[in-house]
Amino acid sequence: MEYKAIVIDLDGTVYHGASIIDDAVKVIAHLAKSYKVLFLTNNSTRSRADYVRKLERFGISCTKYQVITSGYASAKYIKQKYGDSRVYVIGENGLKKELVEQDITLCEDDCNIVLVGLDKEFSYSKMAKALTFILAGAAFIATNTDPFLITTEQVKPGAGALVAAIEQASGTKAIVTGKPSTFISDLLVNEVKVAPNEILMVGDRLDTDIQIGIDSGMRTALVLTGATKMRDLEQTSISPDYIVESISKIPTILDENQDR
Ligand SMILES: [Mg+2]
């Protein structure tokens with residue numbers, strides 16, 4: 001089976017914050033000559049257009065149609081499942097932009113949906129507000145549940161830590177739209193128009209990037225430049241098709257696959 005599309009995670013796979021990983025720029029340009037390239041990130045703090053600009057600053061050129069974020073997936077999910085709705089958002093501007101782009105109403109009262117993504121200004125009062133709406137019957141949706149993120153300077157709490165606080169307070173489990181939910185992989189497969197078994201998913205997290213690839217019938221490559229270290233592989237049942245030091249080795253995997 002030949003690959004037609006390569007889906008690449010961003011944080012920990014292409015860059016760490018403001019630092020590019022290895023020769024990711026060159027590798028992505030090379031891949032784009034032969035395959036459809038898409039970027040799939042659980043970080044909802046930026047909009048797809050913001051990611052295009054961020055990638056451009058590194059020298060990676062793409063359009064927003066090549067970027068799928070958990071924020072975009074949440075907006076699509078809310079639009080498809082709830083139609084017109086009033087959404088209370090705990091999240092940053094990038095997430096709000098994606099909702100507005102789908103004509104979703106953002107509000108602070110009478111909300112029928114609470115959407116939680118990474119918010120560096122998360123507070124007790126935002127949490128209390130979300131709790132009030134959920135207890136009154138609002139749907140509780142999370143962009144993603146990544147427990148932490150690795151930045152250039154340090155490890156920081158991820159959206160999952162915020163979501164867990166509200167789950168604990170409300171006794172309600174959030175519906176997750178980002179990785180490893182199959183909602184976002186179905187959305188991606190639909191937009192890239194390539195069969196799942198012709199897609200290689202490349203990422204640094206076993207429980208999101210690799211799990212979603214396995215669940216949706218893609219093949220998977222784990223990079224060791226981010227959240228997963230070699231020792232973590234001894235304690236997991238999640239098994240990627242390939243394990244590589246970094247994104248730089250992806251062309252080798254594809255070349256070997258062609259030769260088979
Ligand atoms: Mg990552």
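Does Lys-26 count as buried, exposed or partly exposed, and how many C-beta neighbours does Lys-26 have inside 10 Å? Lys-26 has 14 such neighbours, so it counts as partly exposed. The cut-offs behind that label are 20 or more other C-beta atoms within 10 Å for buried, 12 or fewer for exposed, and partly exposed in between, with C-beta atoms placed from the backbone. This residue sits in helix α1 (residues 24-34). From Lys-26 to Leu-162 you go 136 residues along the sequence and 36 Å through space, C-alpha to C-alpha.

Before going further, some ground rules. You're looking at a predicted model, where local features need pLDDT of at least 70 and side-chain atom pairs count only at pLDDT 80 or more, while totals for chains, interfaces and linings use all residues. Residue numbers start from 1 along each chain, as its sequence is written.

Now the whole chain. Its secondary structure comes to nine helices and 15 strands; these are DSSP runs numbered from the N terminus, helices being H or I with at least four residues and strands E with at least two. The radius of gyration is 18 Å, close to the 18 Å that the globule rule gives for 260 residues, so the chain is as compact as a globular protein of that length. That radius is taken over C-alpha atoms, and the rule is 2.2 Å times the number of residues to the power 0.38. Along its principal axes, the C-alpha trace spans about 60 × 35 × 35 Å. Of the 260 residues, 46% count as buried.

The chain splits into domain 1 (5-42 + 179-259) and domain 2 (83-176), with bounds from an automatic or database domain assignment. Their C-alpha centres are 26 Å apart. Where they touch, domain 1 supplies twelve residues and domain 2 supplies seven; a contact here has the C-beta atoms of two residues, placed from the backbone, within 7 Å.

Next, the sheets. One is open, with six strands in the order β5-β4-β1-β13-β14-β15 and parallel pairing. Two strands pair if DSSP finds at least two bridges between them. At the edges are β5 (67-69) and β15 (242-244), each pairing on one side only. Inside this sheet, strand β1 (residues 5-8) runs parallel to β13 and is joined to it by four bridges.

Strand β9 (residues 139-142) pairs with β12 in the parallel sense over two bridges, and Ile-141 has Ile-175 as its bridge partner in β12.

Finally, look at helix α8 (residues 206-215), which is mostly covered, with seven of its ten residues buried. Among them are Leu-206, Ile-210 and Ile-212. The cover includes α7 (182-192), β13 (199-203) and β14 (219-223). Just after α8, Gly-217 takes a positive phi of about 85 degrees.
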